[in-house]
Amino acid sequence: MAASPEASVLARMADLVRAMPADQGGALWRLPVQERQLDANVVRLAPGAEVAVHVEPDLDVLVFVVSGQGRLETGGGAEPEALEAGCVVWLPCGARRGLAAGPHGLDYLTVHRRRPGMTIGRAGGAERERGGEPACLLDRVCPECGRLAPEGAEVRYCARCGTALPER
C-alpha cells in the first residue's frame, strides 16, 4: 500500500506572480503531485488577452483572482462581470464562460476535479451513437440478473436465476 502524501506548502503566490514578466501570459504554476483528485493552476492572462467564451462539459471550476483586473463573460448578450483581486468565481460545468484581462493583466488560481482521461471518439463533433457495436458476448449475458454464462452451445439458461439466455 502506498504511503499517504504529506501536507505541505507547494508555492508562494507572490513569488509566482513576481517570476513572470507582467506582459507575458501563461501558466505560472501547476499542481505537481501525481496521485491527486484535484487539479490546480495559477494562470496569467497578459494585458488585453482573453480566454474566449466556451462551454466546459465535464468540470466545475473555482477561480480565485490573485491580482489584476478583468471580466467574466458568459456570452449570449449578458453583461460581463468585473473581476479584481480577491474575487472568487464559480464556473459550473455546462455554463458558458470566458475571461478577459484588463490593461494590467489578470492572475488567477483555478481549482477543479482532475480531468477525466482522454477518450477516443468521433472526430468533428459527430454525435455519439448510443450503444455502439454489440459486444460479442451479449448472447451470453442473462437479461434478468446480468450474469455472464459460460461458453458452450448447450448453455441456454442462466445458472443463477434460470432465465432463458438470448438466442444465438
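Strands here are DSSP runs of E of at least two residues, numbered from the N terminus. By that rule, Glu 73 lies in strand β4, residues 61-73. The model is predicted. The chain has one helix and seven strands. Four salt bridges are present in the structure, and one of them pairs Glu 73 with Arg 71.

**Overall layout**
- Along the sequence, the elements run α-β-β-β-β-β-β-β.
- The chain has 168 residues, and 26% of them count as buried.
- Take the contacts between residues at least 6 apart in sequence: 59% of these join residues at least 24 apart.

**Glu 73 and its surroundings**
- Glu 73 has 17% relative accessibility, so it counts as buried; the cut-off is under 20%.
- The side chains of Glu 73 and Arg 71 make a polar contact at 2.5 Å.
- The two residues also form a salt bridge, with the closest N and O atoms 2.5 Å apart.
- Arg 71 is partly exposed, at 32% relative accessible area.
- Leaving aside residues up to four places away in sequence, Glu 73 touches Val 53, Pro 80, Arg 96, Arg 97, Gly 98 and Ala 100.

- Side chains of opposite charge can pair when their charged atoms come close.
- Arg 44 forms a salt bridge with Asp 107, and the closest N and O atoms are 2.6 Å apart. This pair links distant parts of the chain: Arg 44 sits in strand β2 (residues 38-45) and Asp 107 in strand β7 (residues 96-113), 63 residues apart.
- Arg 44 is buried, with a relative accessible area of 5%. Asp 107 is buried too, with a relative accessible area of 5%.
- Arg 36 forms a salt bridge with Asp 39, where the closest N and O atoms are 2.4 Å apart.
- Arg 36 is partly exposed at 22%, whereas Asp 39 counts as buried at 14% relative accessibility.

**Nonpolar surface patch**
- Leu 62, Phe 64, Val 88 and Trp 90 form a nonpolar patch on the surface. Together they have about 430 Å² of accessible area.
- Strands β4 and β6 (88-91) each supply at least two residues of the patch.
- Strand β4 also holds Glu 73.
- Trp 90 belongs to strand β6. Its relative accessibility is 57%, so Trp 90 counts as exposed; the cut-off is over 50%.

Notes:
Residues are numbered from 1 along each chain as its sequence is written. This is a predicted model: local features need pLDDT of at least 70, side-chain atom pairs count only at pLDDT 80 or more; totals for chains, interfaces and linings use all residues. Side-chain values use heavy atoms; hydrogens and water are left out. Helices (H or I, at least four residues) and strands (E, at least two) are DSSP runs, numbered from the N terminus. Buried means under 20% relative accessible area, exposed over 50%, partly exposed in between (1.4 Å probe, protein chains only). A polar contact is a pair of N or O atoms within 3.5 Å; within protein, one must be able to donate a hydrogen and the other to accept it, and residues adjacent in sequence count only if both atoms are side-chain atoms. Contact means heavy atoms within 4.5 Å. Patches are made of residues with over 30% relative accessible area and no salt bridge: like charges are joined within 9 Å, nonpolar side chains (Val, Leu, Ile, Met, Phe, Trp, Tyr) within 5 Å. Accessible areas come from the Shrake-Rupley method with a 1.4 Å probe; for residues, only the protein chains shown count as cover. A salt bridge is a side-chain nitrogen of Lys or Arg within 4 Å of a carboxyl oxygen of Asp or Glu.
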